[in-house]
Amino acid sequence: MSWRRLWAMMLKEFIQLRRDRLTFAMMVGIPIMQLLMFGYAINTDPKHLNTVLVVYDQGRLTRSLAQALQNSGYFQIVNNDANAQVAADMLANGEAQFVLTIPANFERDLIRGGYPSLLLEADAADPAATGNAIASLQSLIQSALRHDLNGALGYLAPPTHSFELRIHRLYNPEGITQYNIVPGLMGVILTMTMIMMTALGITREVEQGTMENLLATPIKPLEVMIGKIAPYILIGYVQVAVILLMARILFNVPFVGSLGLLLFSVMVFIFANLTIGITISSTVRNQTQAMQMSFFFLLPSILLSGFMFPFRGMPHWAQIIGEVLPNTHFLRLVRGIMLKGNGWQEAWPHLLPLCVFILVVLLIGIKKFRKTLD
Amino acid sequence: MSSSSEYAIEVANLTKRFGDKVVVDQLSMQVRKGEIYGFLGPNGSGKTTSIRMMCGLLTPDGGTGQTLGLDILSQAADIKREVGYMTQRFGLYSDLSIRENLDFVARVYAMDQRKQRVNTALERLGLVARQQQLAGSLSGGWKQRLALAAALLHQPQLLLLDEPTAGVDPQARRDFWEQIHQLATEGITILVSTHYMDEAERCHRLSYIAYGRLLATGTPQELIEQSGLQTWTVSGAALSELSKQLLALSAVDMHTQFGNALHISGKDPQALAQALQPFQIAYPHYQWSEGQPTLEDVFIYLMQQATDNFQTAGKT
């Protein structure tokens, strides 16, 4: 290993990188774009869902119910006196997510102890869209009625519990989606750029015939590899800096853990992705294939890592695949450090699988890389 | 580095397989110091693979060899430092400027006085004014000159040029060969692979390989003599009718058609002359002359022989 040759290689990469404005812009632009899209556009706890009331009983309780729905924030009443057909149509064509039907003589039956039913129809085609609103409904209606059923009617009020259930929503009390998504994006963005840039970078040298020229010089394959990927480590950190800054400034995502530990985890994670990139570059024949293979790896890294969907909600086999992916472990690390303030104690069980991953993939990559040269 | 040997390259029984395909088969050849050695053969004959083995880029599967006195099996890294190799495709970076490319090569070879060497190379190239231009924007001829300058930057004793003039215009080719001869007079050994016959004739010695095997070696004149061919040239217009008839003759081993000339070659000069006698009388308006084959005739003949041998060998 010669530092001079390594430096020559790195210097060349930087010049090429500087000249390739589009790629450079993409590497900074992608994190910003994704952060803005995911940060501002995605909300797993949707509010203000369009609601239609079909009312057959215009009474005091009905008005209280409507008010309570509106006040909860989940329901936005767009029509408070529709007929059943209009309501069904609105549900079918997506104009409304909820239809609440208040039967005739609801108030009278209630007071008589007739145990009347309210019907809530929800567009549950997307369970995530309506789930939280439905869950809130039961207690919402009960407390609304409790307010009206007082005095002589007090016996009709829904019973209060004999004990209290206290819920502490730790690490993200307000359930803000961004707190989960923004740190998670760090893993996705690094996976995407690191794998693609290494895979493309090395494949480009082979495809354009410069690799042969390189290898005819005294430079060693390992020096070529390290020289090529070292600049991307730096770019990875630039991306991390951009994400952390935006997380703080735009989304107020808390950062309770140690920055040093996070930066160390980032290093390990970048290495893991670079080894994948090298392995891809040594199995493909051209840049198009390198791109396709990168996406082939990127997809499970987004879907099975717990970035978008709850990891524990996946079937067992999918969890096993997820456990192999570096992004899964990195997500736990970065969310743990940023939101929970995890330290080394909690971090090493996730760092260890990453190190094993690096070792295994690097061995495969170097073996394959050697073969391509011959 | 041992300089006692008379040869810059000396390989014996060099063999390389890719999968079960033998690309280079028992190749033995010697390149003397200071000579321009031509390496000829059709596409896919194993020229590039042989050159790669000689410069330590590929490890042979069998055979032994020395390049500049260094063992090609165990001292590949040292060979790379001493040899200048110009690849078939433009091997420099098209998104780096001319100067940056040369700078990069100088750094990779860990040269001292890098700036000065690069400046000298730029001056010799006549590219000082255009040094900031991207290499990718150069014409084919200039790219090739730049690649040669890069290969010479570390002052190698041996230059390996793999089809250096492919896709280069005739004027640039001529200039290039003048430079090659200039380098040879400075004592640099040059091994050059080519398709062009006029380039083959500019070499001191030649090898012809096909299907990974060495078919003939020697000076251009020796190759012509070794072939044992006698060649008749028939010139005139509309030769295709005659060509068909002549080809049917058993004494004719090979014919090559040029625009208004036909080369008829045979192993047995007497039989050939006899066989052509009646045609000379029948077609008196053509010009008939007997003489030596050209290098091209010899190579096409060698190639035909090799194809026949290869096919029969393949059947048994």
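Where in chain A is the place of Pro218(A)? The legends below answer this and describe further views of a predicted model.

Figure 1. The place of Pro218(A) is the loop of chain A that runs between helix α8 (210-215) and helix α9 (221-249). Pro218(A) counts as buried, because its relative accessibility is 9% and the buried class covers values under 20%. Leaving aside residues up to four places away in sequence, Pro218(A) touches Arg5(A) and Glu223(A) in chain A, together with Lys80(B), Arg81(B), Val108(B) and Tyr109(B) in chain B. Arg5(A) stands 213 residues from Pro218(A) along the chain, yet the C-alpha atoms of the two are separated by 8.6 Å.

**Figure 2. Arg285(A) in a loop of chain A.** Helices α10 (259-283) and α11 (287-303) of chain A are the elements on either side of the loop that holds Arg285(A). Is Arg285(A) buried or exposed? The residue has a relative accessible area of 69% and is therefore exposed, since that class begins over 50%. Thr203(A) is 82 residues from Arg285(A) in sequence, while the distance between their C-alpha atoms is 7.3 Å.

**Figure 3. Thr49(B) in helix α1 of chain B.** This helix comprises residues 47-54, and Thr49(B) lies within it. Thr49(B) has 10% relative accessibility and so counts as buried. Which residues does Thr49(B) touch, not counting those up to four places away in sequence? They are Lys16(B), Phe18(B), Val23(B), Val24(B) and Leu58(B).

**Figure 4. The largest nonpolar core and Leu190(A).** This core has 110 residues, and those with the most contacts inside it are Met186(A) and Leu190(A) of chain A and Met29(B), Leu160(B) and Leu191(B) of chain B. Helix α7 of chain A (residues 177-207) supplies the largest share of the core, 16 residues. With residues up to four places away in sequence not counted, Leu190(A) touches Ile195(A), Gly236(A), Gln239(A), Val240(A), Val266(A), Phe269(A), Ile270(A), Asn273(A) and Phe330(A).

**Figure 5. Chain A as the setting of the views of Pro218(A), Arg285(A) and Leu190(A).** Chain A contains 14 helices and four strands. Its C-alpha trace spans about 95 × 45 × 40 Å along the principal axes. The radius of gyration of chain A is 28 Å, whereas a compact globule of 374 residues would have a value near 21 Å. Among the 374 residues of chain A, 49% count as buried. Of the contacts in chain A with a separation of 6 or more, 78% join residues 24 or more positions apart. Carbon and sulfur atoms account for 63% of the accessible surface of chain A, which comes to about 19,200 Å². The chain carries 27 positive and 22 negative side chains, and the centres of these two sets lie 14 Å apart.

**Figure 6. Chain B as the setting of the view of Thr49(B).** Chain B has eleven helices and 14 strands. Along the principal axes, the C-alpha atoms of chain B fill a box of roughly 75 × 45 × 35 Å. Of its 316 residues, 50% count as buried. The accessible surface of chain B comes to about 14,200 Å², and 47% of this area belongs to carbon and sulfur atoms. Chain B has 27 positive and 32 negative charges, whose mean positions are 8 Å apart.

Conventions: Residues numbered from 1 in each chain as written. Chains lettered and ligands numbered in written order. Predicted model: local features only at pLDDT ≥ 70, side-chain atom pairs only at ≥ 80, totals over all residues. Heavy atoms only, no water. Helix = DSSP H or I, 4+ residues; strand = E, 2+ residues; numbered from the N terminus. Rg over C-alpha atoms; globule rule 2.2 N^0.38 Å. Buried < 20%, exposed > 50% of the residue type's maximum accessible area, 1.4 Å probe, protein only. Contact = heavy atoms within 4.5 Å. Areas by Shrake-Rupley, 256 points an atom, 1.4 Å probe, with all protein chains shown as cover. Lys, Arg positive; Asp, Glu negative; His and termini not counted. Charge placed at Lys NZ, Arg CZ, Asp CG, Glu CD. Core = buried A, V, L, I, M, F, W, Y, C linked by side-chain atoms within 4.5 Å.
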